[in-house]
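Please read this briefing alongside the sequence and the structure shown below. The notes are grouped by topic.

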Amino acid sequence: MIAEHIKELSPFAAQFAADVRAGLLRPAQKELPSKYLYDATGSMLFEAISVMPEYGLTRADERLLRRHAGDIVRLLPGPLAVSELGSGSGKKTRCILEALCGREAISYYPIEISATALASCERELADIDCVSILGVEREYLEGLREVAARRVPGAHLLVLFLGSTIGNFDAGADCRFLRGVRETLISGDSLLLGTDLVKPLDRLLPAYDDPTGVTAAFNLNILARINRELDADFNLRQFEHLARFNQRTSSVEMHLRSKKAQTVTIPRAEFMVRFVEGETIWTESSHKYSVSELSNLAEASGFRCAAQWIDEEWKFAESLLMAE
Ligand code: AVJ
């Protein structure tokens, strides 16, 4: 019986099952990897979050790139190829690509594990004349190595890592990841890094707990996904969304709190899990950086911060890091 459940799973589902099992059977704080928030439904809910009035992050990122695209590309001598970690909606990338188009034809390599996301980014940016889009369906670093291997001699690479996605890595993993990026680059290549900054809690918390409940839906969807893909019986009405700021790590944490004592069965991952009343599953951390922390991070990962732009309306930084 047990073996049968395993046999039916695709490699992706088997990994999902193993990760869910490991996270929910932890003896202390239960957790789920935040990357599983982004299935088709989760990605659409995130797009909805990004237009909520309380969530200033995406608009700040877009504003900075719209205002400073010209300044950014002026600091980067051509010829240049552009690669992006996570293809995003394409809206932010457009500013950079259009600014570059003024001077040269550009190859753009979005790197993304989701084929759907890649396809929609390609559709979104297809109308820009001087850009050829070459999607890479891989994990970030693996994809970047592939892009670097296709480098034309003499050309430099501009890597985009926008939206403060780096803030979702565990503490320390952000620096390790940037080192990994640096290792695929050569001197003179660059990384444009978008990061959300520390700000007062009365602005930060509503951004992760909007009154319309879109963020709650985004968070709860991870349980719905486990129900759909692993046949589990989570009763979503018996869990509630929780956002809190962890001062020690300077991160907004999202949790799902069990409203009562309950047991959930997850057949395709072959386990049952008990929750006591009030117990939480930690589903995401969103780190909020300080400016000095960013310069340390750049230096510790082998980059030099050549320029930085900060949005004053919603503290957010665009840092142009040069590979030394
Ligand atoms: C994907 C990094 C932009 O951490 O703010 C939004 C995801 N989570 N609301 C973030 C998210 C809850 C988000 N980023």
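**Strand pairing, helix packing and a buried aspartate**

Within strand E13, the bridge partner of phenylalanine 303 is alanine 323. The model is predicted, so that local features need pLDDT of at least 70 and side-chain atom pairs count only at pLDDT 80 or more, while totals for chains, interfaces and linings use all residues. Residues are numbered from 1 along each chain as its sequence is written, and side-chain values use heavy atoms, with hydrogens and water left out. Helices (H or I, at least four residues) and strands (E, at least two) are DSSP runs, numbered from the N terminus.

**The sheet**

- Seven strands form an open sheet of mixed pairing, in the order E4-E3-E2-E5-E6-E13-E12, where two strands pair if DSSP finds at least two bridges between them.
- The edge strands, each pairing on one side only, are E4 (131-133) and E12 (303-311), and the twist averages 20 degrees from one strand to the next.
- E12 pairs with E13 (residues 316-323) in the antiparallel sense over eight bridges, and a hairpin of four residues joins E12 to E13.
- E2 (residues 80-85) and E3 (residues 106-111) run parallel and are joined by four bridges, with tyrosine 109 of E3 as the bridge partner of serine 83.
- Helix H7 (residues 140-149) packs on the sheet, touching E2, E3 and E5 (156-161), and its direction makes about 160 degrees with that of E3.

**Helices H2 and H10**

- The axes of H2 (residues 11-24) and H10 (residues 214-230) come within 11 Å and cross at roughly 130 degrees; axes are lines fitted to C-alpha atoms, for helices over the stretch in contact, and angles run from 0 to 180 degrees between N-to-C directions.
- That angle makes H2 oblique to H10, given that angles under 35 degrees count as roughly parallel, over 145 as roughly antiparallel, 65 to 115 as roughly perpendicular and the rest as oblique.
- The contact (heavy atoms within 4.5 Å) is made by Phe12, Ala13, Phe16, Ala17 and Val20 of H2 and by Arg225, Ile226, Glu229 and Leu230 of H10.

**Aspartate 61**

- Aspartate 61, which lies in helix H4 (residues 57-74), is buried, with a relative accessible area of 0%; buried means under 20% relative accessible area, exposed over 50%, and partly exposed in between (1.4 Å probe, protein chains only).
- Not counting residues up to four places away in sequence, aspartate 61 touches Lys92, Leu162, Gly163, Phe316 and Glu318.
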